[in-house]
Structure formats: C-alpha cells, structure tokens
Amino acid sequence: MAIIEARGLARDFTSRKRTVHAVRGVDITVADGEIVGFLGPNGAGKTTTLRMLTTLLRPTAGTATVAGADLLGDPLGVRKRIGFVPQAIGQTQGGTSDNSLVIEELLDQGTAYRVGREETRRRAAALIDQLDLGGLDQRYVKTLSGGQRRRLEIALGLVHQPQVVFLDEPTTGLDPQSRSNMWEHIRRLRSELGTTIFLTTHYLDEADALCDRLFVIDHGVIVAVGTPDELKRRVSGDVVTLSVNGAANRGATAEAKSLLAVSPVVREVIVADGALRLTVEHGEEALPVLLRTLDGAGITMSAISLSRPTLDDVFLTLTGRSLRDDSPGGAGHDGTGDEPELAGAGASAGGQAATAGTAGTVGTAGTAGTAGKE
Ligand SMILES: Nc1ncnc2c1ncn2[C@@H]1O[C@H](COP(=O)(O)OP(=O)(O)OP(=O)(O)O)[C@@H](O)[C@H]1O
Ligand SMILES: [Mg+2]
C-alpha cells in the first residue's frame with residue numbers, strides 16, 4: 001500500500017521578476033514501511049519537495065496523499081500523521097527554541113500532538129537514551145552543541161510516533177558515531193513501529209546503507225528511481241581487475257585478454273597499466289568463470305580484485321555532476337531565485353573502491369526549513 005503518493009507535484013518561486021522552477025512535476029510513490037532516500041545536489045529541489053509533502057509549502061501544481069490524507073484537501077490530517085525534521089540552517093537549527101530546557105521541548109511537543117503526559121515522558125526518556133542525549137534533559141537548548149541540537153530536533157520529530165517521518169538531511173553535521181547511531185535509530189523505527197521514512201541526504205554511503213529505495217532528483221526532475229543496487233547496476237556493471245603472473249610477460253597477458261574477451265560473462269576487456277580490466281555484468285557470478293577459464297589455459301594470476309560502481313558514479317552518469325564535493329556551505333536562498341552553484345561540479349567520480357561511495361557531502365545549504373513559514 002502506498003503511504004505517500006504524489007502526482008505531478010510542482011513548485012515555482014518567483015522573485016524579482018524571475019521564476020525558478022524548483023520542482024517540475026514529480027511523481028513519488030512510497031510504500032508503507034519503506035525507508036526512501038531523496039538524493040540530489042544543492043538546489044535540486046529536495047527541500048522544496050519535502051516542504052510540499054509536509055504541507056508547509058503549497059504546490060504550484062499536482063496532487064498528493066500522505067498517510068491517507070489529501071495534501072490540499074486535508075492538510076491538517078496530513079500534519080497529524082507525520083513528523084518533519086527540517087534541514088538545519090548552518091549552526092543554528094530549525095525547530096527548537098533557545099530558552100527552553102531540552103525536556104520541556106520534548107514534553108511540549110507531546111502536548112501539541114495530544115500525547116498523554118505520562119506517555120510523552122516515557123517516549124522522551126527512550127528518545128533521550130536512543131539519540132544519546134542522556135544527561136542533557138535539564139540543559140537549556142541554547143547550550144547544546146550543534147550535533148546535540150540536531151539530535152534533539154530529530155527526537156522532537158518523533159515524540160508523537162508519526163506514521164511517516166520526513167527528515168531533511170538528518171545526519172549533516174553529526175559526528176561519525178552519532179551518524180551510525182542515527183541510522184540504527186531510523187532502522188529501529190521501521191522495524192519496531194513500522195514507520196515509513198522519507199529522508200534527503202547528500203551522503204552516498206548513507207543512501208546506500210540505509211535506504212531501501214532512492215529517488216535521484218536534479219533540476220527539479222526525478223532522473224532515476226530504484227534500489228541502491230539497481231541504480232549502481234544501471235551504470236556500468238562491475239569491474240574486475242586482474243594481473244597475470246609475471247606481468248612482464250606480455251604474451252601471457254595478451255593470451256589472457258584474447259581468452260577472456262570471448263567469455264560470455266565479459267562485456268569489455270582492456271589492458272591498463274599491464275593489468276586486465278574487465279567489465280562484467282555481475283561480479284560475483286563472473287569471478288569463478290574467469291578463474292576457471294584462466295586455469296584451464298594454464299595461466300596463473302598474481303592479483304585479482306572486484307569493484308563496483310559507486311552511487312557517485314551513478315550520479316555522475318545521470319546528472320553529469322558529481323555529488324562528491326568538499327566545499328563548505330552550499331548557496332543559501334537569497335530570494336533572487338538564483339540557482340545555487342554546485343561547487344566542484346564535475347569533480348572526479350573518485351576511487352572505484354569495492355565499498356560504496358565514501359561520505360561526500362556538499363555541506364548544508366541555508367534552506368529555509370522552519371516549520372510553518374513560507
Ligand atoms: N523561497 C524561495 N525563493 C526563491 N527560490 C527558492 C526558494 N526556495 C527554494 N528556492 C530555489 O528552488 C531551488 C530548489 O531548492 P531546494 O531548497 O528545494 O533545493 P535542495 O535540493 O533542498 O538543495 P540543498 O541540497 O542545497 O538543500 C533552488 O534553485 C532554490 O534556490
Ligand atoms: Mg535542502
């Protein structure tokens with residue numbers, strides 16, 4: 001059953017006589033209990049889409065139902081059933097107020113959603129524990145570090161145990177330990193409460209490790225949908241690199257090349273730096289076949305490795321831009337409607353490591369994410 005179903009959702013922004021087509025008619029279907037990632041470079045339209053789906057921004061066109069309620073006809077119904085954690089704005093964060101105690105914020109949130117006091121206390125205690133906020137409940141929000149505050153915001157989005165949770169870059173700014181705790185927490189939400197999670201991220205490893213399915217968005221258009229593996233497979237197949245024993249012996253390498261070139265599991269074979277580089281459809285299935293072929297011809301190898309395309313390769317192929325980018329803070333919305341620049345666009349796809357893309361973040365853009373404001 002689809003818990004999020006959006007058709008032709010679009011949003012334009014017009015300022016200073018210029019119109020930005022931030023989101024250009026996206027279709028999104030998310031099944032109950034899925035963890036879905038929304039992946040795209042700065043300015044792609046992720047936050048705008050999320051703010052439309054959470055009723056904070058009125059679509060220019062399109063329709064959607066979220067958790068059984070119609071986005072336009074019953075926005076209150078949508079709000080009751082969802083949780084939303086807005087994108088952090090630099091060091092200051094979205095939904096918390098400076099001069100409250102951590103515990104007050106959590107209790108107030110429960111009250112706002114009509115969760116009983118005792119039940120809220122119980123849930124708050126569990127969230128404090130699970131999100132590593134232990135010992136901070138009597139602290140003022142303004143005294144929290146950026147990462148602690150981020151975790152509090154996420155706790156606030158979860159206190160009322162919504163059916164669907166929207167998280168806009170939940171782990172940006174968290175240390176590696178907190179990030180992996182957050183992943184654990186998100187997984188547990190789904191496994192224990194059946195919560196559907198829709199999150200945006202720039203972290204390719206996060207998308208890969210956490211999400212059942214990914215939507216890749218660029219310039220307001222969804223350019224690909226699939227599981228992380230499906231997307232990676234779409235790009236280029238796996239790559240097997242192998243060196244023939246006595247690489248100086250070009251004859252053996254050439255012989256191996258001509259043998260393998262006709263193997264049904266090999267799509268392409270080239271010689272690079274004295275080693276053979278084979279493109280194959282499915283690495284795990286191809287490896288034993290390749291080994292048997294070489295063995296049968298009496299050719300021995302000195303090294304063999306298998307690497308898979310990373311999500312960054314996928315991204316590069318789909319959008320011509322790399323998601324991997326080290327530049328600090330993306331462009332904020334200055335109201336001019338200017339397209340935020342993707343600094344470092346076209347950066348190299350990076351190492352074809354066997355593991356999926358290393359964390360590559362493009363920093364946090366100054367997207368207005370404060371709940372309730374337009
Ligand atoms: N309030 C606004 N006024 C004018 N333009 C806006 C406004 N909000 C967003 N935009 C523009 O819409 C486009 C999409 O922005 P959006 O915030 O959805 O991107 P994003 O994918 O969330 O990017 P990031 O990764 O930087 O958070 C951008 O070109 C942005 O400048
Ligand atoms: Mg954003």
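User: A residue is buried if 20 or more other C-beta atoms lie within 10 Å of its own, exposed if 12 or fewer, and partly exposed in between, with C-beta atoms placed from the backbone. Does Pro 264 count as buried or exposed?

Analyst: This is a predicted model, in which local features need pLDDT of at least 70 and side-chain atom pairs count only at pLDDT 80 or more, while totals for chains, interfaces and linings use all residues. Residues are numbered from 1 along each chain as its sequence is written, and chains are lettered from A and ligands numbered from 1 in the order in which they are written. Pro 264 has 8 C-beta neighbours inside 10 Å, so Pro 264 counts as exposed.

User: Where is Pro 264 found, and how many Å separate the C-alpha atoms of Pro 264 and Ala 286?

Analyst: Pro 264 lies in the loop between helix 9 (250–261) and strand 12 (266–272); helices (H or I, at least four residues) and strands (E, at least two) are DSSP runs, numbered from the N terminus. Pro 264 and Ala 286 are 22 residues apart in sequence. In space, their C-alpha to C-alpha distance is 9.2 Å.

User: What percentage of the chain do buried residues make up?

Analyst: The chain has 11 helices and 14 strands. Of contacts (C-beta atoms, placed from the backbone, within 7 Å) between residues at least 6 apart in sequence, 72% join residues at least 24 apart. Of the 374 residues in the chain, the buried share is 42%.

User: What is the strand order of the open sheet of six strands?

Analyst: Two strands pair if DSSP finds at least two bridges between them. The pairing in this open sheet is mixed, and the order of its six strands is 6-7-8-3-9-10.

User: Which strands stand at the edges of that sheet?

Analyst: In the order 6-7-8-3-9-10, the edge strands each have a single partner strand, so one side of each is left without a neighbour in the sheet. These are strand 6 (82–85) and strand 10.

User: What angle does the direction of helix 6 make with that of strand 8?

Analyst: Helix 6 packs on the sheet and touches strand 3, strand 7 and strand 8. Axes are lines fitted to C-alpha atoms, for helices over the stretch in contact, and angles run from 0 to 180 degrees between N-to-C directions. The angle with strand 8 is about 155°.

User: Which residue of the hairpin of strand 9 and strand 10 takes a positive phi?

Analyst: Strand 9 (residues 213–218) and strand 10 (residues 221–226) run antiparallel and are joined by five bridges. Ile 217 stands opposite Ile 222 in strand 10. The hairpin has two residues between the strands, and the positive phi, near 50°, belongs to His 219.

User: What arc do the buried residues of helix 6 cover around the axis?

Analyst: The buried residues of helix 6 are Arg 179, Met 182, Ile 186 and Leu 189. The arc is that of the directions from the helix axis to the C-beta atoms. They are on the same side of helix 6 because they cover an arc of only 75°.

User: Which exposed residues does the face of helix 6 turned away from its buried side carry?

Analyst: The covering of the buried residues includes strand 3 (35–39), strand 7 (164–168), strand 8 (196–201) and helix 7 (204–210). The face turned away carries Pro 176, Gln 177, Glu 184, Arg 188, Ser 191 and Glu 192.

User: Within what arc do the buried residues of helix 4 fall?

Analyst: In helix 4, Thr 120, Arg 123, Ala 124, Leu 127 and Ile 128 are buried. Seen down the axis of helix 4, they line one face of the helix, because they fall within an arc of 140°.

User: Which residues are exposed on the other side of helix 4?

Analyst: Helix 3 (102–112) and helix 5 (146–158) are among the elements covering the buried residues of helix 4. The exposed residues on the other side are Glu 118 and Asp 129.

How values were computed: Two residues are in contact if their C-beta atoms, placed from the backbone, lie within 7 Å.
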